[in-house]
Structure formats: C-alpha cells, structure tokens
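Here are my notes on the model you passed along. Have the coordinates open while you read.

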Amino acid sequence: MFVTLAADRGASDLMTTRLPDVEVLRAVRAHHRRTADILLGRARDQGVVRPDATAEDLLSALSALGRAVPPLGAAATPDAWHLPKKPP
C-alpha cells in the first residue's frame, strides 16, 4: 500500500480526502472500514492490539502515514519508507 502511496500522490490524495457526494468512494471507504474491523478483531483475539482500538484509529493512522510517505519517497530512495532490517 505504501509503495503505491509513495509513487502516486493522486492515490494518496484520493484515499485521504473526503468527497461525500461520490458514491464509489463511499463504498470503498465502507469496504476499508469493514476490512479494518476484521483485522482489528483478529489482532484483539491474538492479544496484539489494545482492546479499545477502533477501525477509525487504524484508518486515521494510515491516513497520516499516507501523507508522510510520499515526501519521504521523494527525499530518499524509493524504498526509504521500509523499516531498517534488524542485524542478523
């Protein structure tokens, strides 16, 4: 996902801008929210995420990262957004 956001500013803007009158985008957002709910439910079941974390929390974090990643990509190598690998 972040590779796409870093390479395509338009995709980043589309994902993070609210356009309430565009039915297709509302459907995409609803799908993302359902997916986030499923993933958070699994993470809660495994005990790896706080029990009070919500889909809105996750989507807000992704939105913030979506805004930060493209400038990082422009300032460094295309894979600069990756976390550094741990030494062996």
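The points below run from overall confidence and fold to individual side chains.

1. First, the ground rules. This is a predicted model, in which local features need pLDDT of at least 70, side-chain atom pairs count only at pLDDT 80 or more, and totals for chains, interfaces and linings use all residues. Residues are numbered from 1 along each chain as its sequence is written, and side-chain values use heavy atoms, with hydrogens and water left out.

2. Confidence is worth a look before anything else. The mean pLDDT of the protein chain is 74, and 56% of its residues reach 70 or more; pLDDT is the predictor's confidence in each residue, from 0 to 100. Among the elements, helix H1 (residues 2–7) has the lowest mean, 63, while H3 has the highest, 88. Where pLDDT is low, the predicted coordinates should not be read in detail.

3. On the fold: the protein chain has 4 helices and 0 strands, in the order α-α-α-α along the sequence. Helices (H or I, at least four residues) and strands (E, at least two) are DSSP runs, numbered from the N terminus.

4. How much of the chain is buried? Of its 88 residues, 16% count as such, where buried means under 20% relative accessible area, exposed means over 50% and partly exposed is in between (1.4 Å probe, protein chains only). The chain exposes about 6,700 Å², with carbon and sulfur atoms supplying 64% of that; these accessible areas come from the Shrake-Rupley method with a 1.4 Å probe, and for residues only the protein chains shown count as cover. Taking contacts with a separation of 6 or more, 43% are between residues 24 or more positions apart, a contact being heavy atoms within 4.5 Å.

5. The buried residues of H3 are Leu25, Ala36, Leu40, Gly41 and Ala43. Just after H3, glycine 47 takes a positive phi of about 75 degrees.

6. Which salt bridges turn up? The search of the whole structure finds 3, a salt bridge being a side-chain nitrogen of Lys or Arg within 4 Å of a carboxyl oxygen of Asp or Glu. Side chains of opposite charge can pair when their charged atoms come close. One of them joins glutamate 23 to arginine 26, with the closest N and O atoms 2.4 Å apart. Both residues lie in helix H3 (residues 23–46), 3 residues apart, or about one turn of the helix. An α-helix has 3.6 residues a turn, so residues three or four places apart point the same way. Glutamate 23 is partly exposed at 49% relative accessibility, and arginine 26 is partly exposed at 40%.

7. I'd look next at glutamate 56 and arginine 33, another salt bridge, with the closest N and O atoms 2.8 Å apart. Glutamate 56 lies in helix H4 (residues 55–75) and arginine 33 in helix H3, so the pair ties together parts that are 23 residues apart in sequence. Glutamate 56 is partly exposed at 36% relative accessibility, and arginine 33 is partly exposed at 32%.

8. Aspartate 52 and arginine 50 also meet through their side chains in a salt bridge (2.7 Å, N to O). Aspartate 52 is partly exposed, at 46% relative accessibility, whereas arginine 50 counts as exposed, at 57%.

9. Arginine 29 lies in helix H3 and is partly exposed, with a relative accessible area of 22%. Its C-alpha atom is 9.6 Å from that of leucine 59, 30 residues apart along the chain. Isoleucine 38 also sits in helix H3 and is partly exposed, at 49%. Isoleucine 38 and alanine 55 are 17 residues apart in sequence and 9.0 Å apart C-alpha to C-alpha.

10. Last, the surface. Leu19, Val22, Val24 and Val28 make a nonpolar patch of about 300 Å². Patches are made of residues with over 30% relative accessible area and no salt bridge, with like charges joined within 9 Å and nonpolar side chains (Val, Leu, Ile, Met, Phe, Trp, Tyr) within 5 Å. Valine 22 lies in the loop between helix H2 (9–16) and H3, and is partly exposed at 35% relative accessibility.
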